[in-house]
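Hi,

Here is the structure I said I would send over. Have a look at it first, and my notes follow below.

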Amino acid sequence: MKSPNKRQATILVLPAFIYFLIFAIYPMLQNFILTFQSPNIHGTIVWGLSNYINAFKIYGLTQIFYNTFLYTLAVPFIDILLAIPLATFLKRLNKPYLLPIVLLSSFIPLVTGAVMWVFMLNPTNGFMYYIAKVDLFTSPWSIVLIDIWTSLPLATLILYSGLKAIPPHIEEAAHMDGLIGMRKLFQVDLPYIKPSLLSATVLMVIFGSFTFDPIYVALSSSSPFAIMDISYLAYSLYETGGIVGQGQAAVLMTIMTVVSTAIAILFVRLSLRESAKSRKIRFKFMPNREMPRAVAWFFTILYLVFILLPFSWLVLESFKTLSEIIAIPPVVIPSIVTLAGYFKSVTVGEPYFITSLIVSLGTSFLVFFIGAPAAYSISRHRTGGLKFIALILFIYSLPTVIFMIPMIGIIKSVGLLNSWLGLIISYPVFVMPITIWMLYNFYSTFPKHLDEAANMDGMSVYGAFYRVILRLSGDGISVTLLYAFIIAWGALIFPLAFAYTPFNMSFLFPSGAQTITIFIGGTIGHEAFNYGELSAASVISLVPSILLIYFARKRIDKLWRVGGTVG
Amino acid sequence: MDNSPVPDGIKKKSRLPAIIAVVIVIVVIAAGVSIIELQHHSTTANKHQTLVVEVGSGSMTEQYLSTVATNFEKANPNVTVQITTEGYSDLLTSEESALKGASSTPNIMMYYASGAPTLGPYLYNLPTSSTGGNGVIDLSNQIAGNMFSGGYRIAPNGTILSTIGVPIHTVIGYMLVYQKSIFDNTTLQTAFYDKYHFSFNPRTYQNWTALQDAASFINTSTSFNGTHNNYALLFPDHAAHSIIDGFYNLAYPYLSSDPSTGVPANSSPNYWTYFGNKSGHYVVSYNNSAGVQALEMYKNLTQYEPSVSVSPVGYSEQLTYYETGHYAMGIAWSSFFPDYSNSSQSKVAGNYNVSLLPGGYTGYSPTLLGVNPHSPNLTLAVDFLNFATSSAQYSLGITDFSFLPGSANGLKVAESDPGFGWVSSFINYSATIHLNPSYAAVVGQVSPLFSTLIPDFNTQVLDYLEGTTTAPAALNSAALQWTQTLTNDNIVL
């Protein structure tokens, strides 16, 4: 029989568990069932394998698989290759103000980042004109470039956090052994942060393999299959293919689930590894001297240019008149500064901004109420053991698109399609896993004597958590919630699937729930050429991310410490 | 028993109050009912109604309907018209979701011709008449080409099942645009005539070869020769979508002049051009020698602009590049012309002219308005459609936004506007064509057209334009893919 404490700890986890059962596990099973359903010539739904057969006959599938593999392999490989020196430079330079700038592109909505690159890489009107008049969006490497730009800071942050967490005694021992520079990096640092390194790699694999937003934005500038991957194909089949398309989309989603399960197993194992054991490999061929600071500065500045150039181009575009935006050759510095784009984007985009704000706030609070107790209970009371945290990490590693079709059924059945509430209850499926994981890490380093003191005061598990721990968790909770807000703010797939009109601007009887990401991402195409308005809206969409980075600049690296390097 | 008669006065005295009471009760009830009825009537009459109209963000229709909405509110003080916008890429799916979900809003939906097959089964069947009147759509005021391109829902056998929308904005395309300063140059005119023995005036070109000759001449005789970003011809070739539009516009005369393709003559180019009638069934029309000739001409015409692998020309490039003045000629939708004429952003403002495509034809691609059947105010919605398509409103749209009307009467108003001189050639052309309803219905049956068939076709043609395959191989491969997809999806045309 369970002790009262154990029971209370279980109850703290229960809402999160039930949520994941309904919104994550059920959709996966439902997808699997859908794969066997298709209409016959009379339109009647029949059971069979035709979805599997026809899904593999889709024209362009070879290119789509190639792209998916390219994103899956090239993005993590290049990310890690660049993140290792970059994290080392940041640690060597030890300038606290650099980290927030470096992180910027990982914390903005993916759609906004993609829009920046579409503007930048336009061979006639964009910055690309001055480099080479070539349309890069005819190649999947354009998406790799955007993916790297977006994910490299996160990989760098994870490695940087790992490097910063190397205990002083190990640093001292290395120095006493005469190890410095590259030789120390390879012989001491990298083996020590191996869990961080592997976790970053797996995270980047997940990121690359399920690329969606940049493809959504760039597809109007690209050939049909040139940049598309399986995630996007599944979405596209669902959106435009009717019942036949849904069945085939379910097949692709099931494949993605299987692949991501394999990745997840790897991720879970690496993330939960208790300690790292360094292997005794000698790197005598590596230079055993400290890199000159000037070299570190040079490469860091080069990296900052890579990160900041698209931001700069976007900001400049947002102040240009239309004639300067479309000028050939492109105008770099606007001769006339106009705020028309900002006025228009605020006016036209108002319902979308309001929806994003309310939905992101609502999601953050829901995640807080469900996720924080669960994270505390798992971390402190080992509720569910490693199995539950493994489940969390597994769900985190799944692509959002696979939840889409069954979740529409759930949201529709409770009458919440196209509503704020519909989005708020669905978003946690992709927001909560990472926030629970961050808080799990946070509570792992939380002083245990506080729980013990609460217990000695006669408090139950609830009392200890709600009256003591929660009040002292301001640091971790605020950063995590802000991060949850940012993820919700940048969400694209769910609002695309679950909302079909903008907010009707009636707070008493609200309807419509299209978000700012739809406003930005959906504007590129056919008859809309309000590039000034689009770039201005994109600039405005950056505000929450900049706030997050500002407020969390001193703490966020601690929350990202993983596995063996925690604490 | 007392049988003595009761005095009359007493009798009367005893019944009168009852009668009076009954009368009073009846009067009170009647008055009450009347008052309630009257109040109900007045409440209904004064009830404030809201019409939500969803339009494509940034579209000309958004601009036009915003003004129409204000005017409609002035004419109907109890009505508020709320215009909501949606990005192009999500407009169709958003409307489809609203209709499928039986949502009561938006009440009126803008859609493009290509969206008609998707929305058609769910849109309100608009009441129509051939003479017009209150609460009905006047079919005599509609252009057949526009109505067959998205206004009607048509059964495969050609029966018109319902009227699902009213063209609000006539978009013609493609059209040929050209810079006056080049084509009005008498030296160039003479030199061209001496070389090719036909007029340099694009309005007189009889075929696409003539256009190619003109592009070649400009390329060799003017500064629009590929240097300094100046080119002879802006021709759409972007594989994201534009190839499919460019090819059907160009291929129509080739395919329709070859009876074996099954593509009818005296029709107009559209997506249906990709299918031909063979013994009562519709099959892919382009994998033959006529299609190959058309595709080879397509490639020839894209030689006078940056290579497709360097800078493909899509919808946005067609609009923005031509405005820069770097192109002598261009292929364009009529919806681009107001931007071309806007002197605050366009370098060709006042210096461009418009013509039908070589051979004197064009296609219809109207923007339409449909009504949501779950809307609580269907009559009001229809009234709004009639108001928005009235000549009075179109007059304002023509003057203020260079908005090309969707109705026949509206086009006549436009014809008299100095900025729309070219419209008469379109009206004359419209009178010459004949559209077969069952042929027009083909597109609606091809459900994977946008999800699969167009990407297949564009990819094959792109390969050809980039030189990695031949024209016959590209068309055969695309046709094979199309046939397989239709078979897999159990679609019989």
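Bear in mind that this is a predicted model. I started where the chains meet: 52 residues of chain B are in contact with 50 residues of chain A. On the chain B side, the elements that each supply at least two residues are β1 (49–56), β2 (79–86), α3 (88–100), α11 (315–323), α19 (449–465) and α20 (471–488). The largest share comes from α19(B), with 8 residues.

Chain B as a whole has 20 helices and 15 strands. Its radius of gyration is 30 Å, whereas a compact globule of 493 residues would come in near 23 Å. The C-alpha trace of chain B spans about 130 × 50 × 35 Å along its principal axes. Even so, 52% of the 493 residues in chain B are buried. Taking the contacts in chain B with a separation of 6 or more, 69% are between residues 24 or more positions apart.

Over in chain A, take a look at helix α6 (residues 141–164). This helix has 24 residues and runs 33 Å from its first C-alpha to its last, close to the 34 Å expected at 1.5 Å a residue. There is a kink in α6(A), though: about 40° at Ser151(A), shortly before the proline Pro153(A). Since 22 of its 24 residues are buried, α6(A) is largely enclosed by the rest of the structure.

Cheers

Technical notes: Residues numbered from 1 in each chain as written. Chains lettered and ligands numbered in written order. Predicted model: local features only at pLDDT ≥ 70, side-chain atom pairs only at ≥ 80, totals over all residues. Helix = DSSP H or I, 4+ residues; strand = E, 2+ residues; numbered from the N terminus. Expected span 1.5 Å × (residues − 1). Bend = angle between axes of the 7 residues up to and from the residue. Buried ≥ 20, exposed ≤ 12 C-beta atoms within 10 Å, placed from the backbone. Contact = placed C-beta atoms within 7 Å. Rg over C-alpha atoms; globule rule 2.2 N^0.38 Å.
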